[in-house]
Amino acid sequence: MERLVLVIDFLLAHKMIFSVLIISFIFLLRHFAVKRIRGDIAFLTEDQRKWISRTKNGSFSFILLILFILWKSEINEFALSVTAIAVAIVVASKEIILCFTGSIQRASSRSFRIGDWIEVGTLCGEVIEHNMMATVIQEIDLHHGQYDYTGKTATLPNSMFFTYPVKNLNFMKRYVYHNFSICVRDFVNIYPMLPDLLTKIDVHCEDFIDVARRYNSVIEKHAGVDLPGSEPHIHISTTSMGDQKVHYMIFCPTEKASHLEQLIRQDFMEMYEVKFPVKADKE
């Protein structure tokens, strides 16, 4: 009993060590709780997501409560010492505070790390550096389906993380769901062409399709959701002007996406010219 009292007195006298032990213990409990809730299933249910979120938020709130109680006297002394200049500090350093808290938000949510591809607002790129004030990315041209570096470096103040959602595109570094469309002006029946078009796509993808299926399964397991799959998809719609639009979606290596798109467009045009020669001649 005397040893327990001595240990408690020692921990209360050394609050920093006590705080580290408390945080480590709670994080360890949270890790086992989340692991038990998730189980071995590939896809998370809505209830599982809710309980995982409650576990993480509850553990964080509990840590804050315990630390506040432990450091209450120090917090009171600090608050009294800065009350007179608190308003001036906040007004004068608003942007700096937002950048600093944005860095804390990024670290606590683990939204990305160095080497990840991210999208913030209209900017996309690979994270090459981040610190307490800003995040530096190497810009990538994702909006035009090229997935190439533009050569531009963008520095994002961490305050942007409170204004724009941060999209982590890290899985797109290797494989990507590449979407593109082909517009057909003449209103003809294109559906008989679809099986042959899919066969052509399979020929173009045969050298990497097995790896693509495995990688797609890895993404599904990591994200806990059912993704469209690694097989190519084609569907047809119409524009507001009445033109037909053939939509493609392929799961392929990121560096091959643009080249595969050109091959598939070529296949479609050649097949369309053979099937509708009169229409093609009129154009």
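This is a predicted model: local features need pLDDT of at least 70, side-chain atom pairs count only at pLDDT 80 or more; totals for chains, interfaces and linings use all residues.
Residues count as partly exposed when their relative accessible area falls between the buried limit, under 20%, and the exposed limit, over 50%.

I75 sits in helix α4, which spans residues 72-82. I75 also contributes to a nonpolar surface patch.

Helix packing was examined next. Two packed helices are described by the angle between their axes and the distance between the axes. Helix α7 (residues 194-205) and helix α9 (residues 257-275) have axes that come within 10 Å. Their axes cross at roughly 145°. The crossing of α7 and α9 is right-handed. On the α7 side, the contact involves D196, L197, K200, I201 and H204. On the α9 side, L260, L263, I264, D267, F268 and M271 take part.

The model contains 4 salt bridges. One of them pairs K256 with D207, at an N to O distance of 3.2 Å. K256 belongs to the loop between β8 (244-253) and α9, and D207 to the loop between α7 and α8 (209-223), so this bridge ties together parts 49 residues apart in sequence. The two partners fall into separate accessibility classes. K256 has a relative accessible area of 31% and is therefore partly exposed. D207 reaches 55%, so D207 is exposed.

A salt bridge also joins E231 and R213. The closest N and O atoms of this pair are 3.0 Å apart. E231 lies in the loop between α8 and β7 (233-238), whereas R213 lies in helix α8. The pair thus links distant parts of the chain, 18 residues apart. E231, with a relative accessible area of 36%, is partly exposed. R213 is partly exposed as well, at 37%.

E261 and R265 are 4 residues apart, about one turn of the helix. E261 has a relative accessible area of 11%, so E261 is buried. Elsewhere, salt bridges with shared partners connect D210, R213 and E231 into one network.

Note on methods. Residues are numbered from 1 along each chain as its sequence is written. Side-chain values use heavy atoms; hydrogens and water are left out. Patches are made of residues with over 30% relative accessible area and no salt bridge: like charges are joined within 9 Å, nonpolar side chains (Val, Leu, Ile, Met, Phe, Trp, Tyr) within 5 Å. Accessible areas come from the Shrake-Rupley method with a 1.4 Å probe; for residues, only the protein chains shown count as cover. A salt bridge is a side-chain nitrogen of Lys or Arg within 4 Å of a carboxyl oxygen of Asp or Glu. Helices (H or I, at least four residues) and strands (E, at least two) are DSSP runs, numbered from the N terminus. Axes are lines fitted to C-alpha atoms, for helices over the stretch in contact, and angles run from 0 to 180 degrees between N-to-C directions. A crossing is left-handed if the near helix is turned anticlockwise from the far one by less than a right angle, and right-handed if clockwise. Contact means heavy atoms within 4.5 Å. Buried means under 20% relative accessible area, exposed over 50%, partly exposed in between (1.4 Å probe, protein chains only).
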